[in-house]
Number of protein chains: 2
Amino acid sequence: MSTVRVAGTGLTPFGNVPERTGRDLFAEASIAAFDDSGVPREDVEAVFYGNFMGELAEHQGHQGPLMAEAAGVQAPATRYESACASSGAAVRDAVFRIRNGDADVVLVGGAERMTNLGTAGATEALAIAADDLWEVRAGMTFPGAYALMAQAYFAEYGGEREDLAHVAVKNHENALPNEKAQYQSAITVEDVLEAPPVSAPIGLYDSCPISDGAAALVLTSEAYAEEHDLDAPVAITGTGQGGDRMALHDREHLARSPAAREAGEEAYADAGVDASDVDLAEVHDCFTIAEVLAIEALDLERIGEGISAARDGRTTADGETPVNLSGGLKAKGHPVGATGASQIAEIATLLTGDHPNDGYVEDATIGVAHNAGGTVASATVHVLEVIA
Amino acid sequence: MSTVRVAGTGLTPFGNVPERTGRDLFAEASIAAFDDSGVPREDVEAVFYGNFMGELAEHQGHQGPLMAEAAGVQAPATRYESACASSGAAVRDAVFRIRNGDADVVLVGGAERMTNLGTAGATEALAIAADDLWEVRAGMTFPGAYALMAQAYFAEYGGEREDLAHVAVKNHENALPNEKAQYQSAITVEDVLEAPPVSAPIGLYDSCPISDGAAALVLTSEAYAEEHDLDAPVAITGTGQGGDRMALHDREHLARSPAAREAGEEAYADAGVDASDVDLAEVHDCFTIAEVLAIEALDLERIGEGISAARDGRTTADGETPVNLSGGLKAKGHPVGATGASQIAEIATLLTGDHPNDGYVEDATIGVAHNAGGTVASATVHVLEVIA
């Protein structure tokens, strides 16, 4: 079984560029990833591409071959769609492909064009990640769904809006030096509490933005990396995926994410690590409450204790286990199909010391990436380790 | 490396049922597949689901977990989208997963709801499999694209509309005993030639219909099949995938399908067979010309000679290598996301002698399934063999 090396990573800036197409964005990210890797495009054997709403936002399906072309790659390409966990799902199948010797070099990534739809249009399009028949037609959108999850959390474990506000403040703080982030601006707890309400207890600053952007990864087998003397010290050593009922009303518990827990347990076991070994994490904070649920599901915090993690400084940049040093979805932005791959890119860069925030994690060797779809009906978790 | 067994297959009738949802269709197909397999749902470790246009036709993305739920399965699920080769792509990753020991039991399949859009709406939706910026906005739809391919074929290799008509006549003939087929009706060459023109030389009867339907497969490892004494004598022994430039104007040759050739060569090599070993094939005849290009790409016919295969009887039910004994997309129907998985189901059933047309292929041991996306910018090929 070959270890999967991260040979190169590339990100576009995440933000509001409605005039740019998905292919344009992915071309930029893939150029950066190839440049970073030193791997020639001709060596790529397969493309794993994540995209969520291109059929609605760009009237474009079948993006696999289109994105291979945008990346200058001649290789079979498939689109993976798992709502906001689309490129997490793409990474997972790519890991299996390399690990088992079915490919030595692959291009993985994702992109999303969203802002061209406008905020209302994008919110409507994002709703297709929920159950159309039983949730969307009843008026449910994602801020409302996560608001219910937050209310259930508060009711069962305690906590308050101010605890959640600290998640947003932390992630904006982390994004300050990240030039690719959509928001490089500090906010205060007061800003979050006073922001326009969206769906109680979720306010505008509890919510990630609508974003355009792309992420790309060049992954290789260990043998290829060594043979070509690549500078690729980080490996993806664990992969996990979990699933849950689609609609929130079918869940056993609104304030837990068993799909993410299942994915995390599988990924940890796969890598042979446990949560206490994790030095840093990028988690899917589409809303502030989502980060709380994620760190509990990943066993970085005990159930009911994640709510205080940001407020008490356990997940801040200088805390025990920094979470979302990139700025997270909240401040870095959330171009849906790009997010899962971008998390892997951020961790790989943090672990190798080329990240604006790597000063906080100088001795870090293990990072974990948590990507979630919908109200966590889907989740993927990947463990990255410095091994060379 | 484990051999991948086809433990059970299930198909809905393909046809015009606009009132049925995708989840309803997939539930039916998966129930049939589980019943056929004798495998309990609890043993399923992952779901690989193909769907193409659900975001447009049902305002529903994130169909992986939704379809796992519809199938009564609690397991991680991902949607694979590769236009009309969506479930072919799903089968491919499922094969890798089992073969390499990462799962013993998986549910694979696909569904598509299309007729609720109406013919014009479905044609518009199908167009997202082409390049939106450079083809669709210029007015290109798929009948037009395949008409160009047919014209290029005629110009280079000869042939005429009547040759193509024999493909349609053959496939309708094959569908006569297939109760799941959308059309159980014989047509004549004259019917095809006199049908309303769509885009010269493609007429209405050269084109597959708009269809609703679903297909499901329960695949297991050899070890699982033997341990549980399953009746699963057919294995998927070869998988291949190819890619090409998305837009027709970027191709080197309009009348060849290098993506399908690449997929076929990979699948044959993977299975350790060659084209001369193939006893029967299900190929992606979305238009009559597509079957001609497919059998050439699969090396079942030499380049330039596929055009005469149906007319001269080489691919008829009693010919050397029967092609589309199910009726093919042309007569069985083409619910896009279901098609690739349905081809695997048809071949497995033909090889085990439970198919209405298996009398034509009594001694057959090797079948091949060819699933194509767009104008064959994507293709998957799978080889099935009787091994037990």
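Predicted model: local features only at pLDDT ≥ 70, side-chain atom pairs only at ≥ 80, totals over all residues.
Residues are numbered from 1 along each chain as its sequence is written, chains are lettered from A in the order in which they are written, and side-chain values use heavy atoms, leaving out hydrogens and water.

**The interface of chains A and B**

- Contact (heavy atoms within 4.5 Å) links 53 residues of chain A with 53 residues of chain B.
- The two chains bury about 4,300 Å² between them, and carbon and sulfur atoms give 46% of that area. Buried area is the accessible area (1.4 Å probe) that two parts lose on being put together, summed over both.
- Glu55(A), His59(A) and His62(A) supply 18% of the area that chain A buries against chain B, more than any other three residues.

**Polar and charged links**

- The rule finds 10 salt bridges across the interface of chain A and chain B. A salt bridge is a side-chain nitrogen of Lys or Arg within 4 Å of a carboxyl oxygen of Asp or Glu.
- Glu69(A) forms a salt bridge with Arg245(B), with the closest N and O atoms 3.5 Å apart.
- On the side of chain A that touches chain B, 20 residues are nonpolar, 16 polar and 17 charged. Ala, Val, Leu, Ile, Met, Phe, Trp, Tyr, Cys and Pro count as nonpolar, Asp, Glu, Lys and Arg as charged, and the others, Gly among them, as polar.

**Strands across the interface**

- Helices (H or I, at least four residues) and strands (E, at least two) are DSSP runs, numbered from the N terminus.
- β3(A) pairs with strand β3 (residues 77–81) of chain B in the antiparallel sense, over 3 bridges. Two strands pair if DSSP finds at least two bridges between them.
- Glu81(A) stands opposite Arg79(B) in β3(B).

**Within the chains**

- The span of residues 5–222 of chain A is 41% helix and 18% strand, and its end C-alpha atoms lie 6 Å apart.
- Ala200(A) and Pro201(A) are joined by a cis peptide bond, with omega about 5°. Pro201(A) sits in the loop between β5 (197–199) and β6 (202–203) of chain A.
- In chain B, a cis peptide bond joins Ala200(B) and Pro201(B), with omega about 5°.
- His62(A) is not a glycine, yet has a positive phi of about 55°. His62(A) lies in the loop between α2 and α3 of chain A.
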